[in-house]
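Q: I'd like a close look at one part of this model, please. Here it is.

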Amino acid sequence: MPAGWRPSTRMRQHWPARSGPRGEGSLHGDGCAVSVIGGTRTSLVFSVSPRTTLQSQFLLGEGGKSKEAEIKRINKELANIRSKFKGDKALDGYSKKKYVCKLLFIFLLGHDIDFGHMEAVNLLSSNRYTEKQIGYLFISVLVNSNSELIRLINNAIKNDLASRNPTFMGLALHCIANVGSREMAEAFAGEIPKILVAGDTMDSVKQSAALCLLRLYRTSPDLVPMGDWTSRVVHLLNDQHLGVVTAATSLITTLAQKNPEEFKTSVSLAVSRLSRIVTSASTDLQDYTYYFVPAPWLSVKLLRLLQCYPPPDPAVRGRLTECLETILNKAQEPPKSKKVQHSNAKNAVLFETISLIIHHDSEPNLLVRACNQLGQFLQHRETNLRYLALESMCTLASSEFSHEAVKTHIETVINALKTERDVSVRQRAVDLLYAMCDRSNAQQIVAEMLSYLETADYSIREEIVLKVAILAEKYAVDYTWYVDTILNLIRIAGDYVSEEVWYRVIQIVINRDDVQGYAAKTVFEALQAPACHENLVKVGGYILGEFGNLIAGDPRSSPLIQFHLLHSKFHLCSVPTRALLLSTYIKFVNLFPEVKTTIQDVLRSDSQLKNADVELQQRAVEYLRLSTVASTDILATVLEEMPPFPERQSSILAKLKKKKGPDTATGLEEAKRERSAAVNGGPEPAPASAASTPSPSADLLGLGAAPPAPAGPPPSSGGLLVDVFSDSPSAVAPLAPGSEDNFARFVCKNNGVLFENQLLQIGLKSEFRQNLGRMFIFYGNKTSTQFLTFTPTLICSDDLQMNLSLQTKPVDPTVDGGAQVQQVVNIECVSDFTEAPILNIQFRYGGTFQNVSVKLPITLNKFFQPTEMASQDFFQRWKQLSNPQQEVQNIFKAKHPMDTEITKAKIIGFGSALLEEVDPNPANFVGAGIIHTKTTQIGCLLRLEPNLQAQMYRLTLRTSKETVSQRLCELLSEQF
Amino acid sequence: MQFMLLFSRQGKLRLQKWYVPLSDKEKKKITRELVQTVLARKPKMCSFLEWRDLKIVYKRYASLYFCCAIEDQDNELITLEIIHRYVELLDKYFGSVCELDIIFNFEKAYFILDEFLLGGEVQETSKKNVLKAIEQADLLQEVFFLCCLTKAIGCLGEVWEGS
């Protein structure tokens, strides 16, 4: 830095428009545009008093100008710049830079800029550093990835990368990292790893290259080839320059998440690096010590990297445990500084340590220590620490080792729920209570959540309602408690009780005899309230319609009183609720013959029979007619009590997950919770109520009839309540027996019958070309009865979804007896894959619910294109693929008779070309082909050597990708 | 880190850095929403909040809010210190930095940020090293200026000699 450098002069110097030598038409020269900016002169760090100068007072004084004035001023300036760019006179570099910089400034003020890109690109090839720098800045901020200028930009970047000038290289790398487009990845993803691992690259360039590569990998992982460089990158963890280690650790962490095998060696290096940092004195690391904490950023990153892997081998593990213990011990030492930066940095490392301990979930001692540490933070005066402690404890609660330790803090957490002033902290407390809940404390936690609900912020009410509903169901020992809890929920926060919640309570009441009388009594009492929530009317109407008879003996709740009570709410309710109540009335006609005439009078009234709403009118007409013409026996059959619902996973859980967003972490947490729930005594045993075959008319009560029932005589088909529940991802049936065998049969052929039982036949026809395919699935109903709510679903794991894209349309939900429906699946292979999608089919046949799962035979070899080649070519390529990872070999016993012709047919059916006269031994088979995926093409060579005496085969696969060799070998080995 | 925003108490955006590809429309929407949310929070509240599926970490320095969006598994406290280190860097470079420095020298603010954070990850945590890089760049500028000057003087000299 030049001596005597002063910030204020520099400010002018770098802002050409303000006082540049050719400042004519300057945007800021007259102070007007500055007034647009506002802004204050208060020092950000030492904010004691505002640093007011004459100048700033002038600037701020003008701040009241209108928005129109700002726009006018800016449009004028834009017009000026545009004319300069379009003018006959070629602009010199300096002016170009000035105007590009102005454009950027205007853009950053929030205005759209639609020109100047070309001028900015021109600046890139300037030899002047500042011009180049502004050019790059403009590109980084303003160029989006699909710009047609990208080729020109890439060219300039290429030149700078090749310049060997570290400053220019740095600028170019920063630009790639900032834009990070696919085109840039295509152009540079191969080049940057070389720069990164080259021996003569400067440290600062290495750092930029590492993070640049990281950005490209995030946007286009397929374009960053793994290779020899990876092992050298891992060794950057040993680099002397801590800045290089920091950048490299970020890169390795990201790469290791997708390619754990490739970066396995980083574990021990990271542990020893961490160990050196943890044990160093605070002065050892010089400028990398931050407020007396040695290299906090690097420590956090190393701990994060270790979370990509399971606990390491015993030797390394001992060392790591030592590190973690040291960090936990240090947390107990008195702080070395009172500054919040010191405690933040120290605790950042501590929290990351705890995350790692939770991730490993294997050292009870460490887990309990972590829990105690967090317990201390729960009462810390820093809000930030309380927040994080609550958050982190949530994950600890799911570990079997620390669940009990977490539970000891229940009072503190409940207290936090009541006293925290910040809603986001209270939200964390709710989450933690939910996570620590088990049968021992469920009543207390649910009660606390209910009482919090009365005053809770509107933004989090719905989530609390869902959580209470789930906990109440999951840990109910006594179902009367459950019914009370849900009714309380509706009373306190009726608006936030979603349909799933009240459907669920009805489902449970119907399935459990022991609670029905209590439920009827309770809803009857709750309905006495002068103003009750419509959701309560719905639950009350449904339950009294089914079980009103159980309390009718009491003169205080005689049939007539029940009816009048419900009917008093009728006129205040919405159409769907009224429709439900009408169904309740007709059920009453069956339950209580004595109120029949009263109800018929109601149904006959003009407000019902001539109701403007079609659904209500239809119900009134039909129910009235039914009550008049049907004999008691028929009424009793038609209006029989609802049969038990088939047991399903609560759809509330699905709703909660959906509310939390498509967040895999939450799903994981949920899965962990389930596991821990098993530890704490297991979920409530499912009520024994297999779906017995109900009478066909049981579905008469069309509930929640939002869509009008099809015109025609009752009963309207399809139990709507059931439909609603089947929307939730209900448990998928385990694979049908024989599914694996059938699956294997389809590896070498495309058409045939995939599955068959007494009810259903599934046939397949498929065709594949390059990386695309189309599969026709035929579902045949073998019975003479309709299948209802027929829903086939394709299920792919997350992994598979990324590599294989399947598109299909839903099929008609009814399949007539003897009919066949067809479903088309469009298939695209994005990258190579191992698993197969599952086809799950759910439908109702008669009264029973059917659930079938089969593996859908979409296998990697379907994207095979045969390649013919001569013997010489074959062996040359064979030799090229000689890395040990590229070859996979399998020796196995023949499962079928060893027939040459069949074998040949299978190899051709597998998709590869069968190469004759290539192998010197004519008994052997060799094949070649290319696997087409959207991202790459993978050449594959195979060789099958039969040994007739031993009835064995040896199969060797060589491809350029390890996973591909592996998968193809597995698939083909099953065929012989 | 997915993005970093600097905005004033009046809600004016002073600096924006995006580490994920988003359309301009989306960026504007996010900015509007976040500025509103953060400005509505009271001083004693905690510096973290959940927003969509991200975590927001923010801190106020005098009239400016520094606001980072990080992913679920990222560390909130260390992000808070990323913000602080950035402020320290600005402060050291400008000498008691204030909002106007960032407005008028926005390009410097960006260059310093690029040296410190790249692709949303910390590149160099040493204050010395970051500032050294920026100063070298400044020096480069001076050198070019001097070169031009000497060239100009050289020309003049020729003119003198020629006459």
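Which residues in α8(A) meet which residues in α9(A)?

A: First, the ground rules: this is a predicted model, where local features need pLDDT of at least 70, side-chain atom pairs count only at pLDDT 80 or more, and totals for chains, interfaces and linings use all residues. Residues are numbered from 1 along each chain as its sequence is written, chains are lettered from A and ligands numbered from 1 in the order in which they are written, and side-chain values use heavy atoms, with hydrogens and water left out.

On to the pair. K132(A), Y136(A) and I139(A) on the α8(A) side meet I153(A), A156(A), I157(A) and D160(A) of α9(A), a contact being heavy atoms within 4.5 Å. Sorted by class, that's five nonpolar, two charged and no polar residues; Ala, Val, Leu, Ile, Met, Phe, Trp, Tyr, Cys and Pro count as nonpolar, Asp, Glu, Lys and Arg as charged, and the others, Gly among them, as polar.

As for geometry, α8 spans residues 129-142 of chain A and α9 residues 150-162 of chain A; helices are DSSP runs of H or I, at least four residues, numbered from the N terminus. Their axes come within 12 Å and cross at roughly 135°, which makes α8(A) oblique to α9(A). Axes are lines fitted to C-alpha atoms over the stretch in contact, with angles from 0 to 180 degrees between N-to-C directions. Oblique is what remains once angles under 35 degrees (roughly parallel), over 145 (roughly antiparallel) and 65 to 115 (roughly perpendicular) are taken out. The crossing is left-handed, that is, the near helix is turned anticlockwise from the far one by less than a right angle.

I157(A) turns up again in the largest nonpolar core, of 272 residues, where I157(A) and Y86(B) have the most contacts. Such a core is a set of buried (under 20% relative accessible area, 1.4 Å probe, protein chains only) Ala, Val, Leu, Ile, Met, Phe, Trp, Tyr and Cys residues joined through side-chain atoms within 4.5 Å.

Conventions
Buried means under 20% relative accessible area, exposed over 50%, partly exposed in between (1.4 Å probe, protein chains only). Helices (H or I, at least four residues) and strands (E, at least two) are DSSP runs, numbered from the N terminus.
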